[in-house]
Amino acid sequence: MDAFTAGLLQRIRSTQSDLRQARETGDDFLAEVEQAELEDLQRLAADHGVPVTVSAC
């Protein structure tokens with residue numbers, strides 16, 4: 001796995017965790033921000049052929 005792929009997957013995992021935490025604490029604004037970030041990262045991964053497993057947030 002190259003550095004780009006590893007970094008991208010790490011950012012996705014981190015964003016998924018942040019999204020889950022925002023939802024658990026009821027921070028709707030932060031949840032929306034994190035959801036948008038996650039969607040951008042998933043789109044970037046798809047554009048570069050990086051397979052992503054989507055976890056339930």
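Of the 57 residues of the chain, 25% count as buried, meaning under 20% relative accessible area, with exposed set at over 50% and partly exposed in between (1.4 Å probe, protein chains only). The model is predicted, so local features need pLDDT of at least 70 and side-chain atom pairs count only at pLDDT 80 or more, while totals for chains, interfaces and linings use all residues. Residues are numbered from 1 along each chain as its sequence is written, and side-chain values use heavy atoms, with hydrogens and water left out.

Along the principal axes, the C-alpha atoms fill a box of roughly 35 × 15 × 15 Å.

Helix α1 covers residues 3-25 and helix α2 residues 28-47. Their axes come within 9 Å and cross at roughly 155 degrees; the axes are lines fitted to C-alpha atoms over the stretch in contact, and angles run from 0 to 180 degrees between N-to-C directions. The two helices are therefore roughly antiparallel, the word used for angles over 145 degrees.

Several residues of α1, including F4, L8, I12 and L19, meet a set in α2 that includes L30, L38, L41 and L44; contact means heavy atoms within 4.5 Å. Among contacts with a separation of 6 or more, 63% join residues 24 or more positions apart. Q21 in α1 has its C-alpha atom 8.3 Å from that of A31, ten residues away along the chain. Q21 is partly exposed at 48% relative accessible area.

The structure holds two salt bridges, each defined as a side-chain nitrogen of Lys or Arg within 4 Å of a carboxyl oxygen of Asp or Glu. In one, E37 pairs with R11, with the closest N and O atoms 3.1 Å apart. Because E37 lies in α2 and R11 in α1, this pair ties together parts 26 residues apart in sequence. E37 is partly exposed at 30%, as is R11 at 44%. The other joins the side chains of D40 and R43 at 2.6 Å, N to O. D40 and R43 both lie in α2, three residues apart, about one turn of the helix.

E34, also in α2, is buried yet has no salt bridge. The nearest side chain of opposite charge is that of R11, 9.3 Å away, where Lys and Arg count as positive, Asp and Glu as negative, and His and the chain ends are not counted. Leaving aside neighbours within four places in sequence, E34 is in contact with T15, D18 and L19.

Key:
Helix = DSSP H or I, 4+ residues; strand = E, 2+ residues; numbered from the N terminus. Parallel < 35°, antiparallel > 145°, perpendicular 65-115°, else oblique.
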